[in-house]
Amino acid sequence: MSRTVSSWILSSARNSIVLQGKGRFYSICVPDRNKIKWKLVFSRTNLYPAGSCSLDNTFSLKKAFRHTSTEEEHFSFQLSPSQINDILRAGELSHKILDLNGKNANSVLRFESNQLASNAPIEDRRSAATCLQTKGMLFGVFDGHAGSACAQAVSERLLHYIAVSLMSRQTLEEIELAVECMKPVLPILQWHKHPNDVEYREVTSQYFENLRVYWQHLLDLDTEPGFSLEEAMICAFKRLDSDISLEVQAPQENELMRNIALQVAFSGATACVAHIDGVHLHVANTGDCRAILGVQEEDGTWSTLPLTRDHNAFDESEIRRLKREHPRSEEKTLFVNDRLLGILMPSRAFGDVQLKWSKELQHSVLENSCDVEALNIYQYVPPNYHTPPYLTAEPEVTYHKLRSKDKFLVIASDGLWEMLSNEKVVKLVAEHLTELNMQKPQLAFEKPVNLGYMHSLLLQRKNRGIASLDQNIATHLIRHAIGSNEYGEVDQEKLAAMLTLPEDLARMYRDDITVTVVYFNSEKIENDYRDN
């Protein structure tokens, strides 16, 4: 991005349409000749009422260099390389999978993740956990809209619902007995979190009670061995979305909990969750997050295997599904300007009860709420709203049996896929792997090891360029997503400009980006095939 382009961004923002304030909204994208304008439907929101958790201090490094408005007098797109790295690396998370003996006996070798905000605060969420009462690991990416409340709740709760759905009847009975006797409950998940990941601590007890109601329901089904993995993931998605809807309808004396329930239900989130157990990979997707596999063929070339499809107006299967579910008279109004009812890009999502409930139910719930205006919940009924629900949280589940040539899994919110193709992402990860392997320093030390020899090794490592390389592959992908020029190379000036875009402008150029890359243990996968 040249200085001319940087100046054009700033001047156009000051002299034309600007998205004022810290607004999270549904937007109606209206093509107007060669320009794009956004019509605000949902205005600014404050997702965390007084006394609840806040994201104001989250990712403080990223916001330290970011302008709050295009109206600032001293406005600059310039950042030093170290400042760029500080911003990009603030949300890094990585974890190696080891057993008690320090060895890896898992088909997952490690995972690396990162996030970059466009909205303030960020509306994306991510989750990663090991199932303790069943086998497998869970990885999720959640893309919020109209605020982060729904994505926050889903990121905290969905993995628990999936894990419970997979438990044996005996395990569920043991957990229920422990709760009845007020004894410690068996841990369900071991979370792998970033220090800045936030929680709705105020509603933890309510979330647990509703999870308990769910496993009691599973016990009442009186079925054994229970769900298949695909059935478990579908049931967990649908049950959580149902609970989100019911919680906001239930009488609630605690005003804070009532407000959180309202904000969760009236915002929305798409979700993509992977469950990995040995060679068995299941991916459940609702909305337009995406999961792909990076595959290395025998000749060393790389290919891409998509595991999800985007649920939106560009997917013919989704269009046909919605047409089947609604009268023929609504065919022309289901999608307007490539959005569901002219409002929402994804055609599947959690929350968004204003696209699921009847008009009467929406009016009843909001009428009985203490102060909807203070919560910035917009009382809006889309035009041509006749036969709800128009939206579902039911996921599509894809099964894939891992092979030794399946090297990594990438799960990301649509902020990444809007910038990079599937093939480009796999190419970047593959090249990054190759470069890292080539630049690993030799570990064979001369004896005795002295400070001079160690200093020499460090200089060799620095000369190879490893100090300037992103160790976290998710960071590497984000860097290329927002900073690549037309030749596929990272342009430092463009990268700086994209990172310093003010809050009232950033969303017009890039979305929140969340990326998780899971590396597979090819040796373990090969051994599983050999043993079986």
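Guide: What follows covers a pair of helices, some backbone details and the cysteines. Please keep in mind that this is a predicted model.

Visitor: Let's begin with the helices. How is a packed pair described?

Guide: Two packed helices are described by the angle between their axes and the distance between the axes.

Visitor: And at what angle do α4 and α7 cross here?

Guide: Helix α4 covers residues 149–165 and helix α7 covers residues 229–249; their axes cross at roughly 135° and come within 8 Å.

Visitor: Why are they called oblique to each other?

Guide: Angles over 145 degrees count as roughly antiparallel and 65 to 115 as roughly perpendicular. The crossing angle is roughly 135°, and α4 and α7 are therefore oblique to each other.

Visitor: Is that crossing left-handed or right-handed?

Guide: The crossing of α4 and α7 is right-handed.

Visitor: Which residues make the contact?

Guide: From α4, the contact uses V154, R157, L158, Y161, I162 and S165. From α7 come A232, M233, A236, F237, R239, L240, D243, I244 and E247. By class, the contact has ten nonpolar, one polar and four charged residues.

Visitor: What about phi at D352?

Guide: D352 is not a glycine, yet its phi is positive, about 50°. D352 lies in the loop between β14 (350–351) and α10.

Visitor: Is D352 buried or exposed?

Guide: Buried means under 20% relative accessible area. D352 has 0% relative accessibility, so it counts as buried.

Visitor: And what is phi at N384?

Guide: N384, also a residue other than glycine, has a positive phi near 60°. N384 is in the loop between α10 and β15, and it counts as partly exposed because its relative accessibility is 35%.

Visitor: Last topic: how many disulfides are there?

Guide: The structure holds zero disulfides. 

Visitor: Are C131 and C150 buried or exposed?

Guide: C131 counts as buried at 6% relative accessibility. C150 is buried as well, with a relative accessible area of 0%.

Note on methods. Residues are numbered from 1 along each chain as its sequence is written. This is a predicted model: local features need pLDDT of at least 70, side-chain atom pairs count only at pLDDT 80 or more; totals for chains, interfaces and linings use all residues. Side-chain values use heavy atoms; hydrogens and water are left out. Axes are lines fitted to C-alpha atoms, for helices over the stretch in contact, and angles run from 0 to 180 degrees between N-to-C directions. Helices (H or I, at least four residues) and strands (E, at least two) are DSSP runs, numbered from the N terminus. Angles under 35 degrees count as roughly parallel, over 145 as roughly antiparallel, 65 to 115 as roughly perpendicular and the rest as oblique. A crossing is left-handed if the near helix is turned anticlockwise from the far one by less than a right angle, and right-handed if clockwise. Contact means heavy atoms within 4.5 Å. Ala, Val, Leu, Ile, Met, Phe, Trp, Tyr, Cys and Pro count as nonpolar, Asp, Glu, Lys and Arg as charged, and the others, Gly among them, as polar. Buried means under 20% relative accessible area, exposed over 50%, partly exposed in between (1.4 Å probe, protein chains only). A disulfide is a pair of cysteine sulfur atoms within 2.5 Å.
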